[in-house]
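This report covers helix packing and nonpolar cores. The structure comes first, then the details.

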Amino acid sequence: MHRYPTVAEVTESARRLVSRFPGAGRLRRIGTSRAGRPILMLSVGHGPRHVLVVARPHPDEPVGGATALALAERVAAGDRRSPATDPETVTWDIVLCLDPDGAALSEGIEAATAGPGATLARYYRAAFRPVAAEQPEWAPIVGRRLPESHALFDTIDALRPVLQCSLHNVDAGGAWVQLTSGLPGLAAPFAASAADLGVPVQHGTYDALYWENPAPGVHVLPPPDSTARLAAGSENIGRSTWCAPQRYGGVTAIVEVPLWSTGTADDPAPHPDPARALRELSHLVREGGRHVTDVFDKARGFLPPAAESPPGRVLEWMADDLYDLVADSWQPLVRQAESAPRAGSSPALTTAGISALEVVARRQPLRAAGLLLRLLDATGAPASGALRHELDGLFTTWCTDFETSLRLRPVPVRTQVELQTRTVVAAAECALMR
């Protein structure tokens, strides 16, 4: 496997699997997207307990479709090496793409992130990630129920899964797992699989700064009354699709594997000067955001109105306060680093943790710049050429700096899929024993 399958290819492969294994697999529509695209679920096996797998919840993270097919093949073939993949014990219900509208706006990302031609520049020019209120898993947290969210909530209520797995890519860094409640026994097979496949385990991550961290690369959501949950800005996370299986005693695992790995992702040594590094990263994300917003402001007069353009809505959302929000979220860490410069108690203040935050600081302006370049390419306005030239120069420099500063190495698609598949199966084994 040298590249990710497109949504259409995943769907066709699922149809062929149902034909090849009559009676073992069923493909059905569980909902319809905002733009009228089908949301399909492939169910494999006939066991009384259910594992729900959600692919492409974020359209700029393409690994999920390939992992979904790998899991479906394993169960349909009657793989009994693990009780979790025994089709007589467990039914695997696999949502092939939760956000088909977003995936359509990320068209080309599969080719941009595979093979020797994969570069950050190609990735960020192809990637589309909607605003939080338009992300099916996350929209309920901000009080919005999308049709895609409804489809997933209804599926969870119908199946009552012991485990839900949400399949994600991180742009750069290492692999990690976030859990809505503990899964004892997962850390060891996860670490062993990552080591076997040569993928670093991410020590510390922006996505789970204030979550509990019982083992490297494993993060558990704090309980509802925990001040750590409030510090993470996740006080309403209980509304998300991630937490819905808890109503039935189930748990959700968010499984992240990197498109590019970094050599420092698994370095637990205390960073030599975390306070200085955090101040520099805060400046980096603010300045990058300011540059993109300046170009965006100059282009507003000839770009489509944001209400008619999903990329435009993303740019408006980011320009509003997202860059400052990211930088401001690190201020408690700066104060902690200043009060105890060599403290290793916080994973965020290790070399690996600072590396993970550098990924965030560099990717936020790049995400916006890639979207804005696409809009400028599509307009025929005379003024767009000069603005495009200005932004392209920044974009190219930022990509180069990202690659060199963190010494990025592409992770082969096959490796990403194998690590994610092994981790999902290990999580299912643990969930079945709860």
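## A buried threonine

Thr 293 is buried, at 16% relative accessible area. Buried means under 20% relative accessible area, exposed over 50%, and partly exposed in between, with a 1.4 Å probe and protein chains only. Thr 293 sits in helix α9, residues 274–299. Helices are DSSP runs of H or I with at least four residues, numbered from the N terminus. Beyond neighbours within four places in sequence, Thr 293 is in contact (heavy atoms within 4.5 Å) with Ala 319 and Tyr 323.

The model is predicted: local features need pLDDT of at least 70, side-chain atom pairs count only at pLDDT 80 or more, and totals for chains, interfaces and linings use all residues. Residues are numbered from 1 along each chain as its sequence is written, and side-chain values use heavy atoms, leaving out hydrogens and water.

## α9 against α11

Helix α9 also packs on helix α11, residues 331–339. The angle is about 155° and the axes are 8 Å apart. Axes are lines fitted to C-alpha atoms, for helices over the stretch in contact; angles run from 0 to 180 degrees between N-to-C directions. α9 and α11 are therefore roughly antiparallel, a label for angles over 145 degrees. Their crossing is left-handed: the near helix is turned anticlockwise from the far one by less than a right angle.

On the α9 side, the contact uses Pro 274, Ala 275, Leu 278, Arg 279 and Ser 282. They meet Gln 331, Leu 333, Val 334, Ala 337 and Glu 338 in α11. The contact of α9 with α11 divides into six nonpolar, two polar and two charged residues. Nonpolar covers Ala, Val, Leu, Ile, Met, Phe, Trp, Tyr, Cys and Pro; charged covers Asp, Glu, Lys and Arg; the others, Gly among them, are polar.

## α12 against α13

Helix α12 (residues 351–378) and helix α13 (residues 384–405) cross at roughly 150°, with axes that come within 9 Å. That makes α12 roughly antiparallel to α13. The crossing is left-handed.

Residues of α12 in this contact include Leu 366, Leu 372 and Leu 376. Those of α13 include Leu 391, Phe 395 and Phe 402. The contact of α12 with α13 divides into 13 nonpolar, three polar and seven charged residues.

## Nonpolar cores

The largest nonpolar core has 113 residues. Such a core is a set of buried Ala, Val, Leu, Ile, Met, Phe, Trp, Tyr and Cys residues joined through side-chain atoms within 4.5 Å. α12 gives the largest share of this core, 13 residues. Among the residues with the most contacts inside the core are Trp 92, Leu 372 and Phe 402.

Leaving aside neighbours within four places in sequence, Leu 372 is in contact with Val 292, Val 295, Phe 296, Leu 303, Leu 315 and Leu 391. A second, separate core has 13 residues, including Met 41 and Ala 244.

Key:
Helices (H or I, at least four residues) and strands (E, at least two) are DSSP runs, numbered from the N terminus. Angles under 35 degrees count as roughly parallel, over 145 as roughly antiparallel, 65 to 115 as roughly perpendicular and the rest as oblique.
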